[in-house]
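These are my notes from going through one model.

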Amino acid sequence: MYTEKVMDHFEHPRNVGEIENASGIGTVGNAKCGDIMRMYLDIDENQIIRDVKFKTYGCGAAVATSSMATELVKGKSIQEAMKITNRAVMEALDGLPPVKVHCSLLAEEAIHAALWDYAEKQGIEIEGLKKPKSDIHEDEEEEEEY
């Protein structure tokens with residue numbers, strides 16, 4: 001059901017925790033399944049993500065996608081981080097079961113929410129960044145069939 005990489009990131013999650021005085025903090029959830037993901041970014045003066053941490057309440061796939069998302073953004077510029085999609089997270093984990101795809105959407109949205117918070121604190125605009133949804137379930141009506 002789950003790939004070896006998903007199981008590895010669930011059993012040994014990377015970058016768990018909080019960053020004190022984080023440059024940006026994003027919290028997103030999915031009311032339908034109960035998953036909540038919080039991502040903390042430490043961004044330097046050159047807009048490079050120096051450090052990233054997460055706290056996730058949810059299923060194994062939610063923990064694994066959070067862990068992988070942090071690995072994908074660490075050391076990246078803000079613009080590179082903006083290009084990390086839920087598909088990139090899933091591919092990095094060698095796939096997710098169809099009913100767990102929403103977890104990868106949460107991970108992408110958590111990155112964007114933390115970047116949004118950073119942009120608001122800095123008084124800047126990040127090209128292509130839209131105000132994040134606090135509940136990704138808002139766009140998930142097609143998943144009702146599962």
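**Helix α5**

I checked the length of helix α5 (residues 101–122): at 1.5 Å a residue its 22 residues should span 32 Å, and the end C-alpha atoms are 32 Å apart, so the two agree. The expected span is taken as 1.5 Å times one less than the number of residues. Helices here are DSSP runs (H or I, at least four residues), numbered from the N terminus. After α5 I found G123, with a positive phi near 70°.

**Basis**

I note that the model is predicted, that local features need pLDDT of at least 70 and side-chain atom pairs pLDDT 80 or more, while totals for chains, interfaces and linings use all residues. Residues are numbered from 1 along each chain as its sequence is written, and side-chain values use heavy atoms, with hydrogens and water left out.

**E109**

I looked up E109 in helix α5. E109 counts as buried because its relative accessibility is 13%; buried means under 20% relative accessible area, computed with a 1.4 Å probe on protein chains only. Leaving out residues up to four places away in sequence, E109 touches V28, P132, K133 and I136. Contact means heavy atoms within 4.5 Å.

**α1 against α2**

I then took helix α1 (residues 4–11) and helix α2 (residues 60–73), whose axes come within 8 Å and cross at roughly 90°. That angle makes α1 roughly perpendicular to α2, a class that runs from 65 to 115 degrees. Axes are lines fitted to C-alpha atoms, for helices over the stretch in contact, with angles from 0 to 180 degrees between N-to-C directions. I listed V6, H9 and F10 on the α1 side, which meet G60, V63, A64, S67, M68 and E71 in α2. By class, this contact has five nonpolar, three polar and one charged residues.

**H9**

H9 is in α1, and I get 5% relative accessibility, so H9 counts as buried. Not counting residues up to four places away in sequence, H9 touches R14, V63, A64, S67, M68, E71 and L93.

**V89**

I found V89 in helix α4 (residues 86–92). V89 counts as buried because its relative accessibility is 0%. Its contacts, again without residues up to four places away in sequence, are T65, M68, A69, L72, I84 and S104.

Conventions:
Helix = DSSP H or I, 4+ residues; strand = E, 2+ residues; numbered from the N terminus. Parallel < 35°, antiparallel > 145°, perpendicular 65-115°, else oblique. Nonpolar A, V, L, I, M, F, W, Y, C, P; charged D, E, K, R; others polar. Buried < 20%, exposed > 50% of the residue type's maximum accessible area, 1.4 Å probe, protein only.
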